[in-house]
Amino acid sequence: MLVLDRFKEARSVLRGVIAGTELVYSQYLSDRCGNQVYLKPENLQVTGAYKIRGAYFKASRLTQEEKDRGLITASAGNHAQGVAYAAKAAGIKAAVVMPTTTPLMKVDRTKKFGAEVILHGSVFDDAAEYAQQLAQERGMTYIPPFNDLDIACGQGTIAYEIFQSLPDVDVILVPIGGGGLAAGVATLAKLLNPNVRVIGVEPTGAASMKASVEAGHVVSLPAAVTIADGVAVRTPGDKVFPYIQQNVDEILTIEDDELVEAFLDIMENHKMMVENAGLLTVAALKHLDCRDKNVVSILSGGNMDVITMASLVQYGLINRGRVFTFSVMLPDRPGELVRVAQIVAEEKGNIIKLDHNQFVSINRQSKVELQVTLEAFGHEHKEMILDALRCNGYDVQLIQSKSVYN
């Protein structure tokens with residue numbers, strides 16, 4: 001069971017293994033939500049995520065015979081690195097089954113810790129089923145990614161550190177995928193202070209724990225569709241589920257678009273890279289129904305590949321009106337392009353890209369198309385630039401795009 005003595009044991013085992021991730025106060029987020037917001041940056045952990053806590057503690061409790069058989073697990077990425085790290089530290093072999101959709105960066109980092117990586121299935125649940133099959137075939141010891149009380153206990157040590165840095169914490173926001181992190185953190189938090197409020201956060205497209213809590217028993221979703229790959233779980237853990245029921249006060253669900261906003265907030269204001277699953281608790285801040293409380297958002301991980309990061313930046317900037325593209329038809333004569341550029345410059349717009357298409361019409365003297373991608377301060381500034389062009393006689397059309405490069 002998840003009891004205080006077990007959490008103390010986990011804290012002792014992990015001492016000197018995990019990195020200290022001190023709370024970071026966020027003035028920006030505090031001002032936006034009306035609470036005092038502190039970030040728990042597990043993205044700065046040794047393996048880039050909190051998962052090392054549970055994996056390492058679980059490995060420490062295995063018998064020598066279990067270790068000698070080697071470890072195998074399934075993971076969307078972060079638990080994989082935790083198991084690989086723990087196995088390498090113990091000098092034993094490890095294999096990890098990961099969904100084929102796992103970002104390459106997570107695959108490569110797992111391999112660098114010395115684990116064999118097997119790609120199978122499109123979602124975590126497919127990978128988990130195959131990993132358990134391989135465990136039987138190879139005679140290896142299966143390490144669950146979340147549905148295990150030792151795993152949950154290791155993850156829960158985060159609560160010790162939160163209370164050490166902020167004894168009067170009122171609210172803890174924790175991401176939920178399979179439920180191991182939430183079960184551990186919520187249970188220990190309630191043991192330390194029964195009055196603390198623990199709120200779980202899931203993506204709307206993979207809210208399996210919320211559906212289970214509402215049903216009163218573990219249920220499986222037909223699909224888990226979200227950009228937060230680290231919590232894309234169709235079936236939460238039945239072993240940790242009772243602890244979620246007992247100790248998590250509320251579960252919020254977040255749309256993927258909100259994670260994009262949260263990515264920019266953390267990147268621009270705190271200079272940290274946090275993966276989509278870890279951003280759930282940041283996006284949840286504006287949904288809180290409290291004010292003037294001490295709130296801790298757990299940033300569960302930061303293992304994000306650069307292609308995904310670039311896409312989030314582009315999408316976020318476009319969403320906020322800070323990057324946009326317009327088209328305008330011009331007569332094909334000298335000076336017209338300069339005239340448009342001058343109007344944009346006078347309105348303090350910054351041109352990123354120009355596309356001058358002379359072949360939009362067979363009558364080049366009549367019109368050519370100019371597409372301009374600009375950087376602006378936001379939606380209000382964007383409209384000022386467009387209005388200035390229209391006042392100068394240009395028929396400007398805003399081009400809706402998800403990418404700067406489309």
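Two strands count as paired if DSSP finds at least two bridges between them. Strands themselves are DSSP runs (E, at least two residues), as are helices (H or I, at least four), and both are numbered from the N terminus.

With that in hand, start with the six strands that form an open sheet, ordered β1-β2-β10-β7-β8-β9 with mixed pairing. This is a predicted model, where local features need pLDDT of at least 70, side-chain atom pairs count only at pLDDT 80 or more, and totals for chains, interfaces and linings use all residues. Residues are numbered from 1 along each chain as its sequence is written, and side-chain values use heavy atoms, leaving out hydrogens and water.

Colour β1 (24-26) and β9 (250-254) next: they stand at the edges with a single partner strand each, so one side of each has no neighbour in the sheet. From one strand to the next, the twist averages 30°. Now select β7 (171-175) and β10 (294-299), which run parallel and are joined by three bridges. Zoom to I172 and you'll find its bridge partner in β10, V296.

Move on to the other stop, an open sheet of four strands in the order β5-β4-β3-β6, with parallel pairing. Here β5 (116-119) and β6 (141-142) are the edge strands; each has a single partner, so one side of each is left without a neighbour in the sheet. Pick β4 (94-98): four bridges join it to β5, and the two run parallel. A95 sits opposite E116 in β5.

Finally, show helix α7 (124-138), which packs on this sheet and touches β3 (71-74), β4, β5 and β6; contact means heavy atoms within 4.5 Å. The direction of α7 makes about 160° with that of β3, using axes fitted to C-alpha atoms (for helices, over the stretch in contact) and angles from 0 to 180 degrees between N-to-C directions.
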